[in-house]
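Trainee: I am new to this structure. Could you take me through it, beginning with the ligand?

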Amino acid sequence: MRIDVVSIFPEYLAPLELSLIGKARQDGLLELNVHDLRTFTTDKHRTVDDTPYGGGAGMVMKPEPWAQALESIAAARVAVTESGGSGSSQDGPAKQPVLVVPSPAGERFNQALAYELAEEEQLVFACGRYEGIDERVIEWSAEHFTVRPVSLGDYVLNGGEVAVLAMVEAIGRLLPGVVGNPESLVEESHSDGLLEYPVYTKPSSWRDRDVPAVLLSGNHGKIAQWRRHEQFRRTAERRPDLLAKFDAGGLTRADRTALGELGYDVVDGHLRHRPNDDVSD
Ligand code: JET
């Protein structure tokens, strides 16, 4: 996979040299280029922002430097594909790269979108700052890219850089060969629509707290059942929105019993929380 990131603070992306993603780059599994938007300006002051039409607080990112940056990235890709190898002449028309624009106004990023983006040949991330990028850049970009404004969550960051760090890590670890043991991708939060069960390691007793006895029992059936119950309990407590979306089709009798104790019934293949019988008057 090839990833390009455009930012006015390229140093913000330095952590992508480290750890798992840094290793993937060294191993040639991931090609990652960070571009400084200001190198695509033409004026003496390297201006990237201006006042908003219609008035209002803050500044808006100017379209011209963005067009220069994105055009050069799109052109670099054409140069690569035309030189042969994995070129379009042999493999049919090359797929448009995806332009991911971190924005509080985007579709929500989640594990499913991470898997989807991990299938792409090339991702380009455009880091907005100030009040955002001139909307015409987003419209015009559709000529060269499949454009996806993406939100990390319902809060506001000063710029897209931190969102890019999170998304590149979530996507990068799904690429073939990046995570040493691919089994560890299967048993993790959100892979089955539930939060993960709690985990413990040695010592079995620490500061008067004991590891749940079932985990020391050697009874693998009971351990699996306990972990599943803990997933339901945690999800009901912390993320009831996930249980409302949960496909209850594949639930076992034991699952239904556990969920029943938490106040959940299966209705039309979905989980529904039982109205409690508290009297309000
Ligand atoms: C964000 C992402 O704050 C977030 O993203 C960064 C950001 C900040 C300010 C402006 C901006 O503009 C993007 C744009 O898109 C067209 O102009 C982006 C919060 N959750 N996820």
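**The ligand and its shell**

Mentor: Strand β5 (residues 98-108) gives the most to the shell around the ligand, with four residues. Strands here are DSSP runs of E of at least two residues, helices are runs of H or I of at least four, and both are numbered from the N terminus. This is a predicted model, where local features need pLDDT of at least 70, side-chain atom pairs need 80 or more, and totals for chains, interfaces and linings use all residues. Residues are numbered from 1 along each chain as its sequence is written, and side-chain values use heavy atoms, without hydrogens and water.

Trainee: How many residues surround the ligand?

Mentor: A residue counts as near if one of its heavy atoms lies within 4 Å of the molecule. Among the closest are I133 and Y155. The shell holds 16 residues.

Trainee: How many residues of the shell around the ligand are charged?

Mentor: Ala, Val, Leu, Ile, Met, Phe, Trp, Tyr, Cys and Pro count as nonpolar, Asp, Glu, Lys and Arg as charged, and the others, Gly among them, as polar. The shell has 10 nonpolar and six polar residues.

Trainee: How many helices and strands does the protein chain have?

Mentor: Its C-alpha atoms fill a box of roughly 70 × 55 × 45 Å along the principal axes. The secondary structure comes to 10 helices and 11 strands.

Trainee: Which residues does a cis peptide bond join?

Mentor: Most peptide bonds are trans. Here omega is about 5°. P203 is in the loop between α7 (183-186) and β8 (205-206). The bond joins K202 and P203.

Trainee: Where is D208?

Mentor: D208 is not a glycine, yet has a positive phi of about 65°. Its place is the loop between β8 and β9 (209-210).
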